[in-house]
Amino acid sequence: MQAGMTMKSLLFWTLLLLAPLAGAQGTIQHLSGTLFVQRADGSVRLLSERSEIRQGDTVTTERDSYAQVRFTDGAVVTLRPNTQVRLDSYRFVEAQPGNDNFALALLKGGLRKVTGLIGRRGTRDAFRLVTPTATVGIRGTDFSAIHVEPGTGAAPGTYFTVTEGAIGLIAGGVEQRIGVGQTGFATSFFAAPQIVPPPPNLPRVDPPQSFSSNAPSAIGGGFNTNCDI
């Protein structure tokens, strides 16, 4: 009997310790258009507003589609059309700032990120964004990243603009600080990033006006749907 109680206690405390790592790290707050996710197990699902985003997910917006994800630390990431991102790692426990970890990969397209508690407390290394040409470290920022492919207008590479705070743009063994109103540009991981004039034809992250509301919009149905396709 005593052994049984010990096993139950062990199971309880194990589940309690794992709780911060289980479940959703982010939620689709707004959606206009079509959004897919590929889970870590390889399954592909159609998402809607209030759907969950978890560590290991690869999320893709279709043409003319925008999505906004709110993470448990308060961070907000807005995805523009034809964008793909992967949540490589995420850990946030409010009482444990030293264990913060948020790693996001921009595989194609563009996004805007408003920093939550991860990146405002502890070390800057707690958050990183990896793009096709550079890695970004932040602290207390609102910034956009757009990756431009060859033949689409602007010079190919990844462009970064900062609305609030600053970012450290790392490529070619060099870190370039990008501040408010500046545009950073990285052509590859092997070349030093630069501060450049913003190209006039650079795509922007301009979501529908309804995204400015804190409440989920009617676009996308507003249901917590995770449909296998």
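**Exercise 1. Sort the residues that line the largest cavity by class, then find where they come from.**

Step 1: start with the classes. The lining of the largest cavity splits into nine nonpolar residues, two charged ones and no polar ones. Here Ala, Val, Leu, Ile, Met, Phe, Trp, Tyr, Cys and Pro count as nonpolar, Asp, Glu, Lys and Arg as charged, and the others, Gly among them, as polar.

Step 2: The lining includes Asp57 and Arg86, along with Ile53, Val59 and Phe71. A lining residue has an atom within 4 Å of a point of the space; on a 1 Å grid over the protein atoms alone, a cavity is a set of points where a 1.4 Å probe fits but cannot get out, while a pocket is an open set with protein on both sides within 12 Å along at least five of seven lines.

Step 3: trace the elements. Two or more lining residues come from each of β6 (66-71), β7 (76-79) and β8 (84-91), and β8 gives the most, with three. Strands (E, at least two residues) and helices (H or I, at least four) are DSSP runs, numbered from the N terminus.

Step 4: The largest cavity holds about 80 Å³ of space, and the structure has one cavity of 30 Å³ or more. A volume is the space filled by probe spheres set on the points, with grid points joined across faces, edges and corners.

A word on the model: it is predicted, so local features need pLDDT of at least 70 and side-chain atom pairs count only at pLDDT 80 or more, while totals for chains, interfaces and linings use all residues. Residues are numbered from 1 along each chain as its sequence is written, and side-chain values use heavy atoms, with hydrogens and water left out.

**Exercise 2. Find which strands pair with β12, and over how many bridges.**

Step 1: describe the strand. β12 covers residues 135-148, and twelve of its 14 residues are buried.

Step 2: take the partners one by one. Two strands pair if DSSP finds at least two bridges between them.
- Strand β10 (residues 110-114) runs antiparallel to β12, joined by five bridges; lysine 113 has phenylalanine 143 as its bridge partner.
- Strand β11 (residues 127-130) is antiparallel to β12 over three bridges; valine 130 stands opposite threonine 135, and four residues lie between the two strands of this hairpin.
- Strand β13 (residues 157-171) is antiparallel to β12 over twelve bridges; valine 148 is bridged to glycine 157.

**Exercise 3. Compare the linings of the two largest pockets.**

Step 1: the largest pocket. Its volume is about 360 Å³. Of its 16 lining residues, Ser144, Thr161, Pro203, Arg204 and Val205 lie nearest the centre. β12 and β13 each give two or more residues to this lining, and β13 gives the most, with four. By class, there are ten nonpolar, three polar and three charged residues.

Step 2: the second largest pocket. This one holds about 180 Å³. It has 14 lining residues, with Arg80, His147, Val148, Glu149 and Pro203 nearest the centre. β12 supplies the largest share, three residues. The classes here are five nonpolar, six polar and three charged.

**Exercise 4. Find where arginine 50 and asparagine 82 lie, two non-glycine residues with a positive phi.**

Step 1: recall the background. Most residues other than glycine have a negative phi.

Step 2: arginine 50. Its phi is about 75°. It belongs to the loop between β3 (44-47) and β4 (52-53), and is partly exposed at 41% relative accessible area.

Step 3: asparagine 82. Its phi is about 55°. It lies in the loop between β7 and β8, and is partly exposed at 42%.

Definitions and conventions:
Buried means under 20% relative accessible area, exposed over 50%, partly exposed in between (1.4 Å probe, protein chains only).
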